[in-house]
Amino acid sequence: MNQLHALVIYVPRSHTEQVLAAIGDAGAGKVGKYSRCSFVTPGTGRFTPQEGAEPYLGRVGQPEQAAEDRIECVVDQALLAGVVAALRAAHPYEEPAFMSWQVEDWR
């Protein structure tokens with residue numbers, strides 16, 4: 001049995017479908033005989049670009065907020081590095097916000 005990881009990504013709503021397609025193409029979201037499984041929740045991202053940043057949205061030193069989606073899916077450990085590379089390539093932010101962790105006792 002392969003080790004599974006949960007993956008959560010925050011992305012501006014304008015790029016949600018692009019990121020979903022990229023991570024799906026890389027193998028994220030496979031559950032049994034289903035592929036590209038995910039859950040998407042809308043929210044508001046808040047951040048302040050610091051000196052040296054080249055923000056996609058906003059200006060250095062100015063607090064910013066943006067309509068974002070939280071994407072949740074699972075990823076086989078063997079595919080995780082490729083999925084992360086795909087999300088970074090498809091995500092418009094200089095520093096995409098995402099996290100992953102090992103899923104225990106999932107079956």
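View 1. The predicted model holds zero disulfides, a disulfide being a pair of cysteine sulfur atoms within 2.5 Å. Cysteine 37 is in no disulfide, and the nearest cysteine sulfur to it, on cysteine 73, sits 9.4 Å away. Cysteine 73 is likewise in no disulfide, with the sulfur of cysteine 37 as its nearest at 9.4 Å. Buried or partly exposed, which is each one? Cysteine 73 counts as buried at 8% relative accessibility, while cysteine 37 is partly exposed at 30%. (Buried means under 20% relative accessible area, exposed over 50%, and partly exposed in between, using a 1.4 Å probe and protein chains only.)

A note on the model: it's predicted, so local features need pLDDT of at least 70 and side-chain atom pairs count only at pLDDT 80 or more, while totals for chains, interfaces and linings use all residues. Residues are numbered from 1 along each chain as its sequence is written, and side-chain values use heavy atoms, leaving out hydrogens and water.

**View 2. Glycine 29 in its loop.** Glycine 29 is in the loop between helix 1 (16–25) and strand 2 (39–47); helices (H or I, at least four residues) and strands (E, at least two) are DSSP runs, numbered from the N terminus. With 0% relative accessibility, glycine 29 counts as buried. Its contacts (heavy atoms within 4.5 Å), not counting residues up to four places away in sequence, are Tyr34, Ser35, Arg36, Cys37, Cys73 and Val74. Glutamate 72 is 43 residues from glycine 29 along the chain, yet their C-alpha atoms are separated by 8.8 Å.

**View 3. Arginine 36 and its phi.** Most residues other than glycine have a negative phi. Arginine 36 isn't a glycine, but its phi is positive, about 60 degrees. Look for arginine 36 in the loop between helix 1 and strand 2, where it is partly exposed with a relative accessible area of 46%.

View 4. Four strands make an open sheet in the order 2-3-1-4, with antiparallel pairing; two strands pair if DSSP finds at least two bridges between them. Strand 2 and strand 4 (97–102) are the edges, each pairing on one side only. From one strand to the next, the twist averages 25 degrees. Six bridges join strand 1 (residues 4–12) to strand 4, and isoleucine 9 stands opposite phenylalanine 98 in strand 4. Helix 1 lies across strand 1, strand 2 and strand 3 (64–76), at about 20 degrees to strand 3. Axes are lines fitted to C-alpha atoms, for helices over the stretch in contact, and angles run from 0 to 180 degrees between N-to-C directions.
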